[in-house]
Amino acid sequence: PIMNGIEFIRHIRERFALVNTPIFILSSVEETDVKLEGLALGIEDYITFAMSAEEIKIKIGSAYEEEGE
């Protein structure tokens, strides 16, 4: 890959008008420092593959419900 997920988040936040767009990272990386770096960049949530599909669906649905309020 040209860049990892964290680099991609930095790239789109700096170059595009996506400041208010919820961004989720779905990753197999479970390292706390990587999660914290993503959250510090303003992602909505860092979801690992260890979560069930139902948990992921609820997290993403909740973020969009909050966005509409």
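Student: Which way do the side chains of strand S2 point?
Tutor: From strand S2 (residues 45–48), Asp45 and Ile47 point one way and Tyr46 and Thr48 the other way. All of them are buried, where buried means under 20% relative accessible area, exposed means over 50%, and partly exposed is in between (1.4 Å probe, protein chains only). In a regular strand the side chains alternate between the two faces of the sheet.

Student: Before we go on, what sort of model is this?
Tutor: This is a predicted model, where local features need pLDDT of at least 70 and side-chain atom pairs count only at pLDDT 80 or more, while totals for chains, interfaces and linings use all residues. Residues are numbered from 1 along each chain as its sequence is written, and side-chain values use heavy atoms, with hydrogens and water left out.

Student: Ok, and how many bridges join S1 to S2?
Tutor: Strand S1 (residues 24–27) is joined to S2 by 4 bridges, and the two run parallel. Two strands pair if DSSP finds at least two bridges between them. Within S2, Tyr46 is the bridge partner of Ile25. To get from S1 to S2 the chain passes through helix H2 (residues 32–40), a right-handed β-α-β crossover. Right-handed here means that, with the strands pointing away from the viewer, the path from the first strand over the helix to the second runs clockwise.

Student: What's the order of elements in the whole chain?
Tutor: From the N terminus on, the order is α-β-α-β-α, with 3 helices and 2 strands in total. Those are DSSP runs numbered from the N terminus: helices are H or I with at least four residues, strands E with at least two.

Student: Back to Asp45. What does its side chain make a polar contact with?
Tutor: With the side chain of Lys59, at 2.7 Å. A polar contact is a pair of N or O atoms within 3.5 Å; within protein, one must be able to donate a hydrogen and the other to accept it, and residues adjacent in sequence count only if both atoms are side-chain atoms. Asp45 also forms a salt bridge with Lys59, meaning a side-chain nitrogen of Lys or Arg within 4 Å of a carboxyl oxygen of Asp or Glu. That pair links distant parts of the chain, with Asp45 in strand S2 and Lys59 in helix H3 (residues 53–68), 14 residues apart.

Student: Why does Asp45 count as buried?
Tutor: Because its relative accessible area is 17%. Lys59 has 30%, so Lys59 counts as partly exposed.

Student: How many salt bridges are there?
Tutor: The count comes to 3. One of them pairs Arg10 with Glu37, at 2.4 Å from N to O. Arg10 is in helix H1 (residues 5–15) and Glu37 in helix H2, 27 residues apart. Arg15 forms another with Glu14, the closest N and O atoms being 3.3 Å apart, and both of those residues are exposed.

Student: New topic: where does Leu41 lie?
Tutor: In the loop between H2 and S2. Leaving aside neighbours within four places in sequence, Leu41 is in contact (heavy atoms within 4.5 Å) with Ile6, Ile9, Arg10 and Arg13.

Student: And why is Leu41 called partly exposed?
Tutor: Because its relative accessible area is 26%.
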